[in-house]
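Please open the structure in your viewer and keep the selection tool at hand. The stops below are meant to be visited in order, with a short account of what can be found at each.

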Amino acid sequence: MPPIINKKKCVSCGYCAQICPVDVIKMEHKEAVVKYPDECWHCRACEKDCPKNAITMRYPLSHLMLNMKPLGGK
Amino acid sequence: MSIKIRNEIIKTDFLIVGGGSAGMQAAIAAGEKGIDVVIAEKADTRRSGSGANGNDHFACYIPECHGDDFELVIRQIDMTMDGGPFQDPTMLRLWVSRSFEVVQKWEAIGINMRPTGKWNFEGHSVPGNQRYHLKYDGTNQKMALTKEAKAKGVKIMNKMVVNELLLDQGRVVGAIGIDISDTQPEVVIFQAKAVLLATGGASRLYPGITPQYMFNDCGCPANTGAGHAMALRAGVKLANLDMAAGHAGPRYFARGGKGTWIGLTSDINGTCITPYQDKPSRENGDIASDIWPGSYRDRMQCGQGPTYMNCTQTTDEDLDYMLHTAMVSEGIDSITDQLAQRNIDLRKEMIEFGSYNIGIGSQGVDIDTHAMSNVPGIFAAGSVGNVKGSLAGAVVIGMVAGESAADYVKTVDEVSVENHPLIAEKIAFYSEILERESGAHWKEAGATLQNIMNDYAGANVRSESLFAAGLAYLATLKEESLKHLYATNSHEFMRVLETLDLMEVGEALMIMARNRKETRGMHKRVDYTYTNLLLNGKFQTIQRVGDEVKLEFRSPF
Ligand SMILES: Cc1cc2nc3c(=O)[nH]c(=O)nc-3n(C[C@H](O)[C@H](O)[C@H](O)COP(=O)(O)OP(=O)(O)OC[C@H]3O[C@@H](n4cnc5c(N)ncnc54)[C@H](O)[C@@H]3O)c2cc1C
Ligand code: SF4
Ligand code: SF4
């Protein structure tokens, strides 16, 4: 579930659902729902624009960046 | 589910399909000229497209910084990722010569083009040359462009997917859109004297770095070649689809904006593998991945990989700047966020980079210096066949399209589309998909399309027998898809239409690649291993004329 909506903070204004570039978040029964998590671009637009700071991002393990210490020491 | 149909026809002079960077600039330019403009955007122009969260490099020529020798400027820009083959020299000159104009316009509407207080050029640069990539802060660019377009009287219709152009006597007269704001999709008809196709490139045509997650893409995954597909169906000429290539960036988190990294392209030992610099350079960036984005794949395949972005020698100051300023301006601070959440310290750890698969960017409608296609009234900007320049190319050509459309609409009469035969035909087709109670989900078709593209027109091996089979399989996939695809709401319906558009773009790409009987760049034909010098500088075009497909190699202009 890439964006996580904190239900305690969310005021159901619908803005995140309106601006998501790929239509991931939907308003259902006046509640913002991350309806299509597999289609999230992880752009953070919803997180940045939420007027209540109710959204945090989780980066799924499928999108893991591969990190490595140089073997040569430096 | 049935489809709703809006009774009212939306009438305008100029319909802009796609309110991304190019579309917004076109709208502003046309609005300034006083014509009636409507933008149809499938998402919301404040946060849509590849510039949704910002961009940070604006290729431009500022005479007070670069001097008056325009030919030198052109030669040097031609050496960066925004130049090179498959761009008409006249078009390169056109966007470069007017780039500063847009920079000034953007500054005037509140986009921070000089975060350091002066014109500052960084990244994507060839050591020894002047630098042309203005380092700006694009975090609010889509908001600012939206506000400005509205101030110019432009009407913005968000959540509006345009799916078909309406033609009459060989010129465009309108379009068919689908409003997806509600669960039930609604057909909306547009009557327009001119239409701009500005739907961006085509992501999701090939499997990405995580094929299971199709939206893990460096470009905006909402850009699915809709403009390309509509253009093909309307008899518009497209150029260079066969030369589509790929981007590069971190694995397994596909992000654009590799030019924002300040580090060295290194092997697993941390040893720099490119000849361009031996120290990380904030000024130049690392041009290696611009020049040879396929290098990561090539090194992996020949056993020299993996290849890393190595920031262990980057100064603390530059690292802080890269992670907390530059990546934010560029709209890729989800990298910063993931690194922070996982406690990865770039002073100690390298990040593996990979070559991303083929994606359609600077390939598409073949336009003239007025940004018009061969079909009167159909303009294109952004992902077009003969212009590069990334963002700068898109917005300057968008501006040109807006100006040209304003002149063009004065020369033609409005044509009523009320009884256009394509409308009933399309509604019947949409209804069929929506009324199916079961069938194939769009992802099934999308996955097979990606497999076919990768296996039969991929980046490694291309040949006549592969193309012959690939085209046959694509035809089967399309036939089966048309019989079985279904959608239970407007979101899924949009995805179905995107998948069908992508199939058409894929088919055109494959037809063109089959006809290019030589090896060139990423087009590696095992049956024609040489590069045909007679095709140097030539642009291949494709055009549907009735049931025929016309292919040509044209000279550049
Ligand atoms: C993270 C990132 C960073 C980048 N950084 C830079 C940079 O620093 N410098 C640079 O030069 N370039 C950069 N680029 C590339 C640059 O963003 C693009 O070249 C530019 O946005 C292209 O503009 P466009 O208008 O063609 O496409 P976009 O801005 O992507 O707009 C296309 C629009 O069309 C809409 N659309 C698609 N299909 C339909 C349809 N059927 N109906 C209605 N609307 C539709 C989309 O929702 C979208 O809003 C970056 C790209 C990314 C992803
Ligand atoms: S923008 Fe924030 S407050 Fe508004 S619906 Fe979304 S999560 Fe809730
Ligand atoms: S991160 Fe971007 S793509 Fe994902 S839900 Fe938020 S706005 Fe949509």
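Is B:Glu498 buried or exposed? Select it in this predicted model, and B:Glu498 turns out to be buried, because its relative accessibility is 3%.

**Second stop: along helix α16 and beyond**

Now select B:Arg514 together with B:Glu464, whose side chains meet in a salt bridge of 2.8 Å, N to O. This pair, too, links distant parts of the chain, for B:Glu464 sits in helix α15 (residues 464-484) of chain B and B:Arg514 in helix α16 of chain B, 50 residues apart. Both partners are partly exposed, B:Glu464 with a relative accessible area of 30% and B:Arg514 with 28%. Next select B:Glu164, B:Arg233, B:Lys426, B:Asp501, B:Glu504 and B:Arg544 as one set, which salt bridges with shared partners join into one network.

Another pair to display is B:Arg436 with B:Glu432, a salt bridge whose closest N and O atoms are 3.3 Å apart. Here B:Arg436 is buried, with a relative accessible area of 18%, whereas B:Glu432 is partly exposed, with a relative accessible area of 44%. Over all chains, the count of salt bridges comes to 51. Side chains of opposite charge can pair when their charged atoms come close.

**Third stop: the surroundings of the ligands**

Move to chain A and select ligand 2, then show the residues around it, which are A:Ile5, A:Cys10, A:Val11, A:Ser12, A:Cys13, A:Gly14, A:Cys16, A:Ala32, A:Cys50, A:Pro51 and A:Ile55. By class, this shell around ligand 2 divides into nine nonpolar residues, two polar and no charged.

Ligand 3 comes next, with 14 residues around it, of which A:Cys20, A:Cys40, A:Trp41, A:Cys43 and A:Cys46 come nearest. The shell around ligand 3 divides into 12 nonpolar residues, one polar and one charged.

While chain A is in view, select A:Asn53, which lies in the loop between α2 (45-49) and β4 (55-57) of chain A. Although A:Asn53 is not a glycine, its phi is positive, at about 50 degrees, and the residue counts as exposed, with 55% relative accessibility.

In chain B, B:Ala371 likewise has a positive phi, near 65 degrees, in a residue other than glycine. B:Ala371 lies in the loop between β15 (364-365) and β16 (378-380) of chain B, and it is buried, with a relative accessible area of 1%.

Which residue does a cis peptide bond join to B:Arg251? The partner is B:Tyr252, and omega is about -10 degrees; B:Tyr252 is placed in the loop between β11 (245-250) and β12 of chain B. A further cis peptide bond runs from B:Gly305 to B:Pro306, with omega near -5 degrees, and B:Pro306 is found in the loop between α9 (295-301) and β13 (307-310) of chain B.

Select B:Tyr276, B:Ile291 and B:Trp292, which make a nonpolar surface patch of about 300 Å². B:Tyr276 belongs to the loop between β12 (264-266) and α8 (288-291) of chain B, and it is partly exposed, with 31% relative accessibility.

**Last stop: colour by confidence**

Finally, colour chain B by pLDDT, which averages 96, with 100% of the residues scoring at least 70. Among the elements of chain B, α8(B) has the lowest mean pLDDT, 80, and strand β3 (residues 37-40) of chain B the highest, 99. For the complex, the predictor gives an ipTM of 0.97 and a pTM of 0.98.

How values were computed:
Residues are numbered from 1 along each chain as its sequence is written. Chains are lettered from A and ligands numbered from 1 in the order in which they are written. Side-chain values use heavy atoms; hydrogens and water are left out. Patches are made of residues with over 30% relative accessible area and no salt bridge: like charges are joined within 9 Å, nonpolar side chains (Val, Leu, Ile, Met, Phe, Trp, Tyr) within 5 Å. Accessible areas come from the Shrake-Rupley method with a 1.4 Å probe; for residues, only the protein chains shown count as cover. A salt bridge is a side-chain nitrogen of Lys or Arg within 4 Å of a carboxyl oxygen of Asp or Glu. Helices (H or I, at least four residues) and strands (E, at least two) are DSSP runs, numbered from the N terminus. Buried means under 20% relative accessible area, exposed over 50%, partly exposed in between (1.4 Å probe, protein chains only). pLDDT is the predictor's confidence in each residue, from 0 to 100. A residue is near a molecule or strand if one of its heavy atoms lies within 4 Å of it. Ala, Val, Leu, Ile, Met, Phe, Trp, Tyr, Cys and Pro count as nonpolar, Asp, Glu, Lys and Arg as charged, and the others, Gly among them, as polar.
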